[in-house]
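I opened my notebook to record what I looked up in this model, entry by entry. Each entry begins with what I wanted to find and then sets down what I found.

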Amino acid sequence: MDKGGPTRGKWASFIALCALSLAGNWLSLPLFFGIDLIFGSIAVMLAAVYLGFWAAGFIALVGALYTLFLWGQPLAMPAFILEGLVVAWLYHRRKLTNLVLADLAFWLVIGSPVVVLVYSTYGGMADSAVMLIALKQAVNGVFNALLAGLVVLLISYRAKKSASLSLSWIIFHCMLSAILLAGITPIIMDARDQRDALEGSVFERLSNVARILDSRMRADPQWDDRLDYHLSRMQAMFPQVNIGVQDDRQMYLTQSRQIQSTEPGLIPELSTSQNGLQIWLPAGDFNSVARWQRGVYWLQIALSEDPERYILVEQSTASLIAVREAQRLNKFLLLAGIFLVSIFLAWLISRFLSAPVIRLAMASGDVERSVRTGRFTKVPGSVAKEFDQLSSSLNHMGSEITSSVKLLEDSRGKLAVSVAERTQELADTNGLLTSVLNAAEDFGIVATDSQGVITFFNTGAQRLLGYSAEQVVGRETPALLHDPAEVKKVAAELTSAHSVAIEGFRVFVHEAELGKRSPREWTYITRNGQRVPVLLVVTVIRNVDGGIAGYLGIAEDISERKRLEQVKTEFVSTVSHELRTPLTSITGALGMLRSGVLGAMPDQAREMVNLAHNNSQRLTNLINDLLDIEKIAAGKLHFDYQQVAIEEQITQAVASVRQYAPEQEVQFDISQPVPQALIQVDPQRFQQVMSNLLSNAVKFSPQGGSVKLSASMKGDRVRISIIDHGEGITDAFKPMIFQRFAQADSSDQRRKGGTGLGLAITRELVEHMGGELGFESEVGAGSTFWVELPAFPVQPVQPESIQGASVETRQIRVLHVEDDYDLHQVIRHSADARISFQLATTLFQARLMIPKQEFDLLLLDLDLPDGNGVALIDEVRHYWSNCSIMLLAGEGIDPALRLRVEAAVLKSALSIPDLLRRIEQLTVKLHSGREQPHD
């Protein structure tokens, strides 16, 4: 299968939804005067469902930019973008999968206030206009959410995704569509009737004026010479209209009057609901309402006395537009009310209609369990006739099946007695047969006699190894299938473990005879010489007397498992290098900005930098947690044990976590004296333990609370306690507290974040260091987590005279071999003038620089574009005898390699300031011997 298929499909969907968002905002559906519905947010809702949070936000931005281009102002953009992000968040994070309800919640809580704020502040509009815009956008958004929900319903139905088609969801959308259709249609029709009535009155007025002028001219024989007189009289009688007479040559008007509808260079006239009545609208940069307010209605009628001439009468549309705007606001308020009532009714009806089905589905599951246990519980009835009939049918069927199950159990008991009577005489032959039948055909099953000669070679073994049963049964031993060198190696291991010589066929069966059934990995050699890794379990076949009749080996091909383990290992390596390195750069750069080293920032910018810095640290912790869990599962987690002072470790842990406490205004209480004792731990792993426990205590402490630390001796062990005053841990969650990915199921704790791995990793680390992790907690009173470790008394140190000790004050010269230029820049700019850095991005560049000048410290990355950085260690030792070497790697470092250098750290394990302090410590100790390496 093409692994890129799903990704290409998502990109295609993303591009299609971007195009749909543009097309939807271009397409409009007139609803009332000056109010059109647009459909761009349908694409945003679909992106929220199928592509996720960020895709929905980007597609909303695309649609919003088009509205900016279309309308020439950005006021609609904030609400449009927020709508996509909030609905996607509600859909995926809060599991509110009903798009209509999610969108309605957005407009009620966030969208409408944002629209009112933006348009009132920056739009300069009247309150009524702002309210109309807010209502229009909310109704438009909810209507689009309904259309998007119907599209999702159709897609799920076509794709046969039954899990997406809940009955209440289907009923809700169908009922809402029907109720809206029934409720909105009369309002829209009434609005059109009101428009027709207004235009009818205009038509009647203009027609009456034209007929009066025509009749006056018919009654005047000299009308042609007295045209100005008649026009002036008519204009005085009807000052609200403009009147003119037009022929092929000119337009006859009274003075100070103008016929707008005949002016050249303007847009063509528009038709109305009345035959003969036309609308003229001006061209220019206006919105639709402003354009209508500057337009005119006009009517043209031929003169009775001279059909070559026409009477042209026009009236401004402004007064009618005011009436239509007032009607529009009332209609739209009614429409918004119908929307809210329709949503409530659809939700109520869907709950009412689906409730019996839901109860019936839950009860049917109880029926299944009841039938299995033989104690049938009847399904409750329903007030609905059809559901009641179904309940009765299920009750009857359940009773029948229960009776049948009881009868079957009785028959099975009788059969067991009969089989037991025959078991004794068939035991010798049934042992082999039962073992073979219980094994799957996908496994290689090989049986031998007590001397090791193969007696059975199943189909799975034939497919796996390439031998036929005829070639090996009665002729060969399992030694044919194994690598001789591997057999010899395992023989030596077993001989050493059991203190008895084990060789030949005994290598395969010795532990089986001792009753050990643990599987062991072997390498099978097929007929064509191919090596196949297998997991082999060997059991003893015994006869009736308990003697050994033979052996049975079941082998599972684990080639695919090995391949997947290799893929996983490569993935972990990639994550370690490709994520940890840029994250270290990002965190360091943000730390510099946050500390003000690069200059002061505005408060808002500092707030954003703090937010980004905290989240980069959270991401680093997440990656470290995942990689630590992988190392623990693989048994590859390295521990560098040292004896360290308890007080020093507690002080260091509090200092490292204290930076998070100000956000919660949490104080640390370490007033009790700390025992003067040593513990045998890996300092870095112990700090990880303390950091996890302290940060948890800070997170779950109330605002302005305190976290208390204490340490006390219990015999030869020390107990370190971390006490918070938070909400405590419920009894239901206590058994799961140390499970991986476990989090308390409450909304308050969900908001705290985290992966649920911290405590699981902490317990593993403590137990690896010979300690114990536990807790006590009471709901409402807080929690106490404690760590117990073996402790040793502090040995008194005799004062030594330090003669001639001096520290060089010259600049520390560091050669940084690193292919990530950004990380180097962050480290270099974070250092003060005491440290000078030079960069080599490849092994080749480093080898050119090593002979030319001397450095005090080599800061070395292992994964370089042209090879492994380990190759430089011996070269540096040859040229610079007093140079310290620090490995700065993205993933775990081999323990043997640690012994060759002064220090070894992970990129995500130290902050940039801590790294610079380690560099200074190493260079100070250059002539006093190497210090112990650190991970």
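Before reading any pairing, I noted that two strands pair if DSSP finds at least two bridges between them. Helices (H or I, at least four residues) and strands (E, at least two) are DSSP runs, numbered from the N terminus. I also wrote down that this is a predicted model, in which local features need pLDDT of at least 70 and side-chain atom pairs count only at pLDDT 80 or more, while totals for chains, interfaces and linings use all residues. Residues are numbered from 1 along each chain as its sequence is written, and side-chain values use heavy atoms, with hydrogens and water left out.

**Entry 1: the whole chain**

I looked up the totals and found 27 helices and 27 strands in the chain. Of the 935 residues, 42% are buried, where buried means under 20% relative accessible area, exposed means over 50%, and partly exposed lies in between (1.4 Å probe, protein chains only). I then looked at contacts, which means heavy atoms within 4.5 Å. Among contacts between residues at least 6 apart in sequence, 63% join residues at least 24 apart.

In what order do the strands of the open sheet lie? I read the order as 22-21-23-26-27, with parallel pairing. Strand 22 (835-840) and strand 27 (903-906) are the edge strands, each pairing on one side only. Neighbouring strands of this sheet are turned by 20° against each other on average, direction ignored; axes here are lines fitted to C-alpha atoms, for helices over the stretch in contact, and angles run from 0 to 180 degrees between N-to-C directions.

I followed strand 26 (residues 884-889), which pairs with strand 23 (residues 857-860) in the parallel sense over four bridges. L858 has I885 of strand 26 as its bridge partner, and L859 stands opposite M886. Strand 26 is also joined to strand 27 by four bridges, again in parallel, and there M886 stands opposite A903.

Is strand 26 buried or exposed? Six of its six residues are buried, so strand 26 is largely enclosed by the rest of the structure. I reminded myself that in a regular strand the side chains alternate between the two faces of the sheet. In strand 26, S884, M886 and L888 are buried on one side, and I885, L887 and A889 are buried on the other.

I found helix 27 (residues 912-924) lying across strand 21 (812-817), strand 22, strand 23, strand 26 and strand 27, and running at about 160° to strand 26. The axes of helix 27 and helix 23 (residues 821-830) come within 10 Å and cross at roughly 70°. That makes helix 23 roughly perpendicular to helix 27, since angles under 35 degrees count as roughly parallel, over 145 as roughly antiparallel, 65 to 115 as roughly perpendicular and the rest as oblique. The contact is made by V826, I827 and S830 of helix 23 together with I912, L915 and L916 of helix 27. By class, these residues divide into five nonpolar, one polar and no charged; Ala, Val, Leu, Ile, Met, Phe, Trp, Tyr, Cys and Pro count as nonpolar, Asp, Glu, Lys and Arg as charged, and the others, Gly among them, as polar.

**Entry 2: strand 17 and its partners**

I saw that strand 17 (residues 706-714) runs parallel to strand 15 (residues 667-669), the two being joined by three bridges, with F668 opposite V707. Strand 17 runs antiparallel to strand 18 (residues 717-723), and seven bridges join that pair. K714 has R717 of strand 18 as its bridge partner. The hairpin of strand 17 and strand 18 has two residues between the strands, and G715 takes a positive phi near 70° there.

**Entry 3: another helix pair**

Helix 20 (residues 683-699) and helix 22 (residues 758-768) pack at an angle of about 145°, with their axes 9 Å apart. On the helix 20 side the contact includes R685, Q688 and V689, and on the helix 22 side it includes G758, L759 and I761. The contact has six nonpolar, five polar and one charged residues.

**Entry 4: a residue in a loop**

I noted that most residues other than glycine have a negative phi, and most peptide bonds are trans. S499 has a positive phi, near 55°, and is found in the loop between helix 14 (484-498) and helix 15 (506-513). At 69% relative accessibility, S499 counts as exposed.
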